[in-house]
Amino acid sequence: MNINNFRFDQVGLNRFFGPLEAKIMDILWEGSEKSIKQVQQRLEIEKSINFNTVMTVMNRLLEKGILQKRVEGRTSFFKPIKTKEEFIEEQSKKLTDNLLDEFGGLVVNHMLDSLTEVDQQLLNRLEEKIDQLKKGKKQ
């Protein structure tokens with residue numbers, strides 16, 4: 001699953017998806033698989049939206065490898081391939097790897113500088129990771 005357009009100027013899932021894609025993913029990450037009609041009905045709580053628009057976006061998410069589809073009779077049911085947590089973990093790792101490849105240690109320095117109020121558990125985990133790296137045991 002490759003998200004090619006990371007949006008630095010957005011927040012949350014909108015960094016990875018367009019606004020409608022993000023809303024659809026939030027609905028699908030709530031639990032069980034859903035049909036296009038079920039997703040459309042949930043979206044219509046906020047504002048009216050065309051069934052074909054929802055179908056097009058869900059099929060694009062399927063083509064991108066983010067959703068999987070199961071057909072039952074004439075109804076297609078969709079669900080995410082990964083949990084929301086798995087998706088965010090994977091995408092943040094890719095982003096970090098790309099930044100490190102391109103900018104090296106500068107990225108690490110900026111990340112550390114941005115930790116103004118650090119929770120002690122995070123510091124402990126960082127120290128453990130650094131110790132492991134010093135010993136040559138990447139995890």
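In this predicted model, the contact between helices H4 and H5 is made by Thr96, Leu99, Leu100 and Phe103 on the H4 side, which meet Gly105, Leu106, Val107, Val108 and Met111 on the H5 side. By residue class this contact divides into 7 nonpolar and 2 polar residues, with no charged residue taking part. The axes of H4 and H5 come within 6 Å and cross at roughly 125°, and the two helices are therefore oblique to each other.

Two further helix pairs involve H3. The axes of helix H1, which spans residues 19-28, and H3 come within 10 Å and cross at roughly 80°, so that H1 and H3 are roughly perpendicular to each other. From H1, the residues Leu20, Glu21, Ile24, Met25 and Leu28 meet Thr53, Val54, Val57, Met58 and Leu61 of H3; these residues divide into 8 nonpolar, 1 polar and 1 charged.

Helix H2 (residues 36-43) also packs against helix H3 (residues 51-63), with axes that come within 9 Å and cross at roughly 115°, and this crossing is right-handed. On the H2 side the contact is made by Ile36, Lys37, Val39, Gln40 and Leu43, while Phe51, Val54, Met55 and Met58 contribute from H3. Here the division is 7 nonpolar, 1 polar and 1 charged.

| Helix pair | Axes come within | Crossing angle |
|---|---|---|
| H4 and H5 | 6 Å | roughly 125° |
| H2 and H3 | 9 Å | roughly 115° |
| H1 and H3 | 10 Å | roughly 80° |

The other feature to consider is the largest pocket, which holds about 960 Å³ of space. Its lining consists of 21 residues, and those that lie nearest the centre are Thr96, Leu100, Leu126, Lys129 and Leu133. Helix H4 (84-103), helix H5 (105-113) and helix H6 (120-134) each supply at least two residues of this lining, and the largest share, 9 residues, comes from H6. In terms of residue class, the lining of the largest pocket divides into 10 nonpolar, 4 polar and 7 charged residues.

Technical notes: Residues numbered from 1 in each chain as written. Predicted model: local features only at pLDDT ≥ 70, side-chain atom pairs only at ≥ 80, totals over all residues. Heavy atoms only, no water. 1 Å grid on protein atoms, 1.4 Å probe; cavity = no way out; pocket = protein on both sides within 12 Å on 5 of 7 lines; lining within 4 Å. Points joined across faces, edges and corners; volume = space filled by probe spheres on them. Helix = DSSP H or I, 4+ residues; strand = E, 2+ residues; numbered from the N terminus. Nonpolar A, V, L, I, M, F, W, Y, C, P; charged D, E, K, R; others polar. Axes fitted to C-alpha atoms, helices over the stretch in contact; angles between N-to-C directions. Left-handed = near helix turned anticlockwise from the far one by under 90°. Contact = heavy atoms within 4.5 Å. Parallel < 35°, antiparallel > 145°, perpendicular 65-115°, else oblique.
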